[in-house]
Every structure is written in structure tokens, then in C-alpha cells.
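Student: I have a model open and would like to talk it through with you. Can we start with one spot in a loop and then work outwards?

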Amino acid sequence: MGIVTRLFLLMALLAASATLATGFFAMHYKVFLELLDLPKFRQEMERWGYEQSMMKDVLKARGKEYVIFLRCGAGAIAVTLAAGQGFRGVILLPIWISLVAAGFSLMMVQDYRAMVLYVSVLLEKCYLSDVMPLGLAQSGKDLTKRVARLPKDAPFEPSLADTLALQRLGVLLALCFVVWVLLQSYRRKDKKE
């Protein structure tokens, strides 16, 4: 694979990751709608030339589409990783999605442990929670509402179920990494022969 192809795949992976992060961000639209009513935010919007009503309309529209962003982002990441490394790339999918979720949770609530909630919502919205259950106490709308309130309820205080789910996710990610390393070493061994 040439350098141009690798650069294209890297750019596609970053764009897909940004789409996934946009889905995570759009889940919090109600919190941001409340912030828009604060005088400080109103002054900043006016300073930048935005109208409050326009910003509210955009947030409401994008907030209702967060599932589309989540599914498209995860799917695009899977396709990009598969295009770059085939099956070995697909094994990296949970690791990459968890890294995006961890970065986003650090940005929103300053605690990487909240990533398990974002990953759980993604699994539910992609209909994969039955295949890969993490064992959180909430599911469905309750989980989605909890994640949507995370910035408002900061700091994040994980429950026992959250901690256990994070440990399960960590084991899954470690297994994926070990399998990926083994497949990489097997591939290199085949190339030498």
C-alpha cells in the first residue's frame, strides 16, 4: 500500500472519528440549549454574529439526528480500518471507538471513565448491545438520558455497575489488541517465508 493511500485512509479515519464525536456531542443538545439562555453565552454569540434563535434551531435539529451520526461514524471507522488492514483492521474497531469515546469524555466531563457510557449508548443505537453487553444498570432511554445529562451533572461519579462495565470493556479491548498483535506477527512470518 502506497503512502498516498495510507494518508487518504488516515484522513478518512479522522473524518469518521469526527463524525462519531459529533454524534456524542449532539446527545448533549438539551444541556447546550439551556446554556444559550445565559447572558454570557448570548453576548458571545452576538459578538460572533450569531442569532440565539438560529443556534437553538441548529442544536435542536442536530440533537435529534445524533443516532445517524453515531451509526455513520462507527460504520465509516469500520470500513476505513477494514480497507487499511482487512480483518485485522476490524479487530481494531473497538479499540479505536473506545479511544474516541475516551477523548470525548475527557473533553466533556474531564473523566475518561465516562467513556463506558458513550460506548454503551453506541452499542445500543447500533443494535449490538445483545452481542456485546457491558452490564450497565441502565439501558435504552434511561441510559441515553443519563449520558445526555453528563455535562450538567459533572463531575462524573461512576457507580459500581459503571466500574464493572469499564473493566469488562478493558478486558475486551485487551483481547482485541492481543489478537491484533498475533495476527500481525503471523502476517510478518508469512511474508518472510
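Student: Is Gln110 buried or exposed?
Tutor: Keeping in mind that this is a predicted model, Gln110 counts as exposed, because its relative accessibility is 60% and the cut-off for exposed is over 50%.

Student: Where does Gln110 sit, and what is its phi?
Tutor: Gln110 lies in the loop between H7 and H8, and its phi is near 55°, a positive value in a residue other than glycine. Most residues other than glycine have a negative phi.

Student: What about Tyr127, which is not a glycine either?
Tutor: Tyr127 has a positive phi of about 60° and belongs to the loop between H8 and H9. With a relative accessibility of 67%, Tyr127 counts as exposed.

Student: And which residue just after H3 has a positive phi?
Tutor: That is Gly49, whose phi is about 90°. As for helix H3 itself, which covers residues 39-48, the number buried among its 10 residues is one, so this helix lies largely in the open.

Student: OK, zooming out: how many helices and strands are there?
Tutor: The protein has 10 helices and zero strands, and its C-alpha atoms fill a box of roughly 70 × 45 × 25 Å along the principal axes. Of the 193 residues, 38% are buried, and among contacts between residues at least 6 apart in sequence, 67% join residues at least 24 apart.

Student: Which residues touch the most other members of the largest nonpolar core?
Tutor: They are Phe24 and Tyr118, in a core of 50 residues. The elements that give two or more residues to this core include helix H1 (3-26), helix H5 (66-85), helix H8 (115-125) and helix H10 (160-192), while H7 gives the most, with nine residues.

Student: What does Tyr118 touch, leaving aside neighbours within four places in sequence?
Tutor: With those neighbours left aside, Tyr118 is in contact with Phe24, His28, Ala101, Phe104, Ser105, Met108, Val147 and Leu150. Two of these partners, Phe24 and Phe104, also form one aromatic cluster with Tyr118.

Student: Speaking of aromatics, how many pairs does the structure hold?
Tutor: It holds five aromatic pairs. In the case of Phe25 and Phe32, the ring centres are 4.8 Å apart and the planes are at 25°, so the pair is stacked, given that stacking requires planes under 30 degrees apart.

Terms used
Residues are numbered from 1 along each chain as its sequence is written. This is a predicted model: local features need pLDDT of at least 70, side-chain atom pairs count only at pLDDT 80 or more; totals for chains, interfaces and linings use all residues. Side-chain values use heavy atoms; hydrogens and water are left out. A nonpolar core is a set of buried Ala, Val, Leu, Ile, Met, Phe, Trp, Tyr and Cys residues joined through side-chain atoms within 4.5 Å. Buried means under 20% relative accessible area, exposed over 50%, partly exposed in between (1.4 Å probe, protein chains only). Helices (H or I, at least four residues) and strands (E, at least two) are DSSP runs, numbered from the N terminus. Contact means heavy atoms within 4.5 Å. Rings of Phe, Tyr and Trp (its six-membered ring) pair if their centres lie within 6.5 Å; planes under 30 degrees apart count as stacked, over 60 as edge-to-face and the rest as tilted.
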